[in-house]
Amino acid sequence: MSTLVTGISELRTVTERGTVKDAALVMENGIITWIGAADAAPAADTALDVGGRAVLPGWVDSHTHMVFDGDRAAEFEARIAGESYAASGIAVTMKATRTAGEDRLTGLLKDRIAEAHAGGTTTIETKTGYGLDVRSEVMAARIAAQYVDEVTFLGAHLVPPGQDAEAYLDEVTGPMLEAVAPSVGWIDVFCERGAFTEEQSRRVLAAGRQKGLGLRVHGNQLGPGPGVRLAVEMNAASVDHVNYVSDEDIAALAASDTVATVLPACDLSTREPLAPARRLLDAGVSVAIASNLNPGTSYTSSMNFCVATAVLQQHLSLDEAIAAATIGGAKALRRHPVQGGLDAKGRPAKGVIAVGAAADLHVLSSHTAINLAYRPGMPHTWCTIRAGEIVYQG
């Protein structure tokens with residue numbers, strides 16, 4: 001069945017085509033098959049009139065931690081009262097996640113995905129990393145693989161309390177990696193003070209690459225460090241956080257294919273300086289915006305909020321912020337278009353509105369997308385369409 005989507009006041013394609021006014025599009029079998037002016041639209045089997053609203057590509061949230069139990073509200077309250085963030089807080093979530101059963105973790109994940117859909121997100125990456133033993137990491141990976149687009153193994157999130165770091169890395173790069181590999185496409189490491197050193201992080205990434213996994217890095221969040229340099233050296237798809245970067249870090253990123261993923265909701269929560277998205281873009285770095293949904297430092301999946309923050313506090317234009325939260329995230333996941341509407345693996349691309357790309361649409365509640373920043377905090381999502389199907393209707 002083909003569906004004609006009409007009544008689009010502005011269609012932000014996030015391609016060279018730019019924004020099309022008074023537009024329409026046709027989607028069929030989960031992909032976009034036609035785009036153009038409403039008065040030139042072809043016939044289709046069914047029609048969806050969005051009533052003069054703006055339409056964007058669905059948000060591509062390329063960095064989340066959705067498989068967990070428990071919360072860390074007490075830690076958050078202490079932090080906003082003046083205590084500094086320490087990576088060791090992850091251990092609290094580890095304990096809760098290890099004791100949760102598979103049914104409970106599955107239900108929690110599905111609820112979080114539904115919340116993301118309600119904010120216009122259509123593509124989700126999520127990580128393991130809250131079980132930190134073979135049984136729990138395998139369970140998290142298996143659950144995530146059933147419900148999200150991209151799954152990342154983050155056994156190297158933290159050394160569990162009471163364990164030796166090198167002995168734990170033997171497990172991460174050996175039996176744990178072997179066990180989770182069938183359910184994941186990526187490997188990540190928290191290359192940061194209080195977590196893993198540069199050499200330890202390199203060891204993790206090398207083991208993942210040998211297993212055929214794509215590489216990602218948490219880096220430069222809590223202070224200057226080797227994360228960016230390591231990510232570029234290892235040709236990682238992304239390095240995420242990037243709050244503290246030098247001119248040399250930025251130059252290296254600009255000369256590479258590694259995407260710098262900024263996480264503004266996390267920066268606000270931890271009260272770290274906001275990642276320098278403006279400097280990064282001006283230097284020619286590929287930038288993504290993601291939510292970093294997690295219970296410790298960014299308990300939100302609202303990409304609308306992250307985009308508004310990028311515009312209002314990180315000095316991005318609206319077009320730049322929308323691009324970072326759509327095609328930027330797709331690049332970080334290697335799901336962006338490389339030939340027509342297809343990605344490098346021949347799948348319908350994400351993060352753009354183009355013929356052949358995935359029919360993933362974010363229909364706003366207003367006629368113009370500038371309201372994402374002009375009216376921050378308001379409910380902006382009227383409808384979310386994923387692979388041609390409505391997954392949220394406001």
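The expected span of a helix is 1.5 Å times one less than its number of residues. Helices (H or I, at least four residues) and strands (E, at least two) are DSSP runs, numbered from the N terminus.

## What you're looking at

This is a predicted model, where local features need pLDDT of at least 70 and side-chain atom pairs count only at pLDDT 80 or more, while totals for chains, interfaces and linings use all residues. Residues are numbered from 1 along each chain as its sequence is written, and side-chain values use heavy atoms, with hydrogens and water left out.

## Helix α4

With 14 residues at 1.5 Å a residue, α4 should span 20 Å, and its end C-alpha atoms are 21 Å apart, so the two agree.

Which residues of α4 are buried (under 20% relative accessible area, with exposed being over 50% and partly exposed in between, using a 1.4 Å probe and protein chains only)? They are Ser 136, Glu 137, Met 139, Ala 140, Ala 141, Ile 143 and Ala 144. An α-helix has 3.6 residues a turn, so residues three or four places apart point the same way. The cover over the buried residues of α4 includes α2 (90-99), α3 (102-117), β6 (121-127), β7 (150-156) and α5 (165-180).

## α5 meets α6

Next up is α5 with helix α6 (residues 198-210). Their axes (lines fitted to C-alpha atoms over the stretch in contact, with angles from 0 to 180 degrees between N-to-C directions) come within 10 Å and cross at roughly 10°. That's why the two helices count as roughly parallel (under 35 degrees).

In contact terms (heavy atoms within 4.5 Å), Ala 165, Glu 166, Leu 169, Asp 170, Thr 173 and Leu 177 of α5 meet Gln 200, Arg 203, Val 204, Ala 207 and Gly 208 of α6. These residues divide into five nonpolar, three polar and three charged. Here Ala, Val, Leu, Ile, Met, Phe, Trp, Tyr, Cys and Pro count as nonpolar, Asp, Glu, Lys and Arg as charged, and the others, Gly among them, as polar.

## The open sheet

Seven strands make an open sheet in the order β3-β2-β1-β4-β13-β14-β15, with mixed pairing. Strands pair if DSSP finds at least two bridges between them. At the edges, β3 (31-37) and β15 (389-393) each pair on one side only.

Inside the sheet, β13 (residues 361-364) and β14 (residues 381-386) run antiparallel, joined by four bridges.

## Val 239

Val 239 sits in strand β10 (residues 238-241). It counts as buried because its relative accessibility is 0%.

Notes:
Angles under 35 degrees count as roughly parallel, over 145 as roughly antiparallel, 65 to 115 as roughly perpendicular and the rest as oblique.
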